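This briefing is intended for a reader who is new to the structure shown below.

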Amino acid sequence: MKTLLCFIAVLSITGTQGQDDNPTSALNGFLVNDERCGTQPAIQPDPTYTPYPDKLQLVEKGEFPWLVWVSIQDPEPKTFDPLNGEDFTRCMGSIIAKRYVLTASSCLANYAALGKNPEELSGAVVGAGFLDPTAPWSCKNGECPENIYLARSALTMDDFGAADKANNIALIVTAKDIVFNDYVLPICMLHDELLYSQKFWGERGVRVTGWGHKNEESRRHNRLIQAPAEIFTEEENKIFHRNHLPDSMRSKEVYYSFFGVGGEEDEVYTDEDIGGPFMIKKLIEYSDSPRYYLLGIRSFKAEESLPPHHSTFVYTRVGYHQKWILDHLSPVHQ
């Protein structure tokens, strides 16, 4: 196992009452933040270590047990191969509850283009606990092998959650409960002080890449890699928002809904990184070990980067949309 010793600040969490964007107090808050959320029992029994990489590093099985691949069939398909068919959109996502995966709504762009309702999603599949999504499998009569789940619907914000309007977020609802084990677990949602008092400007985190076509290459890659990543400082984010984003994202409201992450000259990314998580690890006061929290969802690579960064990736800030997320969870699906 590859690990990097790291000091993790202990955060004192103050309880809050009544906020409907806070899992601690929201009506549907009990559906997220499972008791094992954000942990890595398959690889990491010792909580004093963290797998934040200092360079590109292969992902071990069970290292990020909430990470899933999502394959969404186009509304008017010509092929029926969810891994190689051209009529499928493939993205990443994160498990947040037994029936819910959080991803980017741009994964449903073909539904938006045809004016189709993603609540009537068909031909969509979620794969959990996989390092290589091209491993052979098949579903018959609605029954799938272990860790493969058919999706029953998708929920997006207004205008299908358009990326250029900073609403690039979607919930995928699976037809059956996702079975949790050491290799398949949800990631934690921000709560209490983490949600209200922390903006994480300039903070280090980790992202995952490796499924799909790398950069501009035509060859498909199937091996997950974790990459070090650093959120823009607040001043960098202001400059980036003011000078480097599309005009449709220049409003004050949009500023609080995203953050930028700088990339290096040799940055690795693939076309299926969309919807993937930006993760941070925190040790809170009443927890016995550090846990990973979902801070952002990969939205798009900016056409114009902020110097001195060679590239910039825009992430939808999950905490900003957390009320919408919690409002659209249902115990009926649990």
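Tyr269 is buried in this predicted model, because its relative accessible area is 16% and buried means under 20% (exposed is over 50%, and partly exposed lies in between, with a 1.4 Å probe and protein chains only). The model's local features require pLDDT of at least 70 and side-chain atom pairs count only at pLDDT 80 or more, while totals for chains, interfaces and linings use all residues. Residues are numbered from 1 along each chain as its sequence is written, and side-chain values use heavy atoms, with hydrogens and water left out.

**Aromatic rings**

- Twelve aromatic pairs are found in a search of the whole structure; rings of Phe, Tyr and Trp (its six-membered ring) pair if their centres lie within 6.5 Å, and planes under 30 degrees apart count as stacked, over 60 as edge-to-face and the rest as tilted.
- One of these is the edge-to-face pair of Tyr255 and Tyr256, with 5.1 Å centre to centre and 80° between the planes.
- Tyr255 counts as buried at 8% relative accessibility, whereas Tyr256 counts as partly exposed at 43%.
- Tyr269 and Phe313 form another edge-to-face pair, 5.7 Å centre to centre and with 65° between the planes.
- This pair links distant parts of the chain, 44 residues apart: Tyr269 is in the loop between strand S13 (258-263) and strand S14 (277-284), and Phe313 is in strand S16 (residues 311-317).
- Phe313 counts as buried, with 0% relative accessibility.
- One aromatic cluster is formed by Phe64, Trp66 and Tyr292.

**Charges over rings**

- The ring of Phe313 has the charged end of Arg207 over it, 5.2 Å from the ring centre; a charge sits over a ring if NZ of Lys or CZ of Arg is within 6 Å of the ring centre and within 35 degrees of the ring normal.
- Likewise, the charged end of Lys61 sits over the ring of Tyr183, 5.1 Å from its centre.

**Cavities and pockets**

- Three cavities of 30 Å³ or more are found in the whole structure; on a 1 Å grid over the protein atoms alone, a cavity is a set of points where a 1.4 Å probe fits but cannot get out.
- The largest cavity has a volume of about 110 Å³, a volume being the space filled by probe spheres set on the points, which are joined across faces, edges and corners.
- Its lining has 13 residues, and Gly62, Phe64, Gly129, Phe130 and Leu131 are the closest to its centre; lining residues have an atom within 4 Å of a point.
- The largest pocket holds about 320 Å³ of space, a pocket being an open set with protein on both sides within 12 Å along at least five of seven lines.
- Of the 19 residues that line the largest pocket, Pro228, Ala229, Gly262, Glu264 and Glu267 lie nearest its centre.
- Strand S12 (220-231), strand S11 (204-213) and S13 each supply at least two residues of this lining, and S12 gives the largest share, five residues.

**Overall make-up and confidence**

- The chain has five helices and 16 strands, which are DSSP runs numbered from the N terminus (helices: H or I, at least four residues; strands: E, at least two).
- Of the 334 residues in the chain, 55% are buried.
- The average pLDDT of the chain is 82, and 81% of the residues score at least 70; pLDDT is the predictor's confidence in each residue, from 0 to 100.
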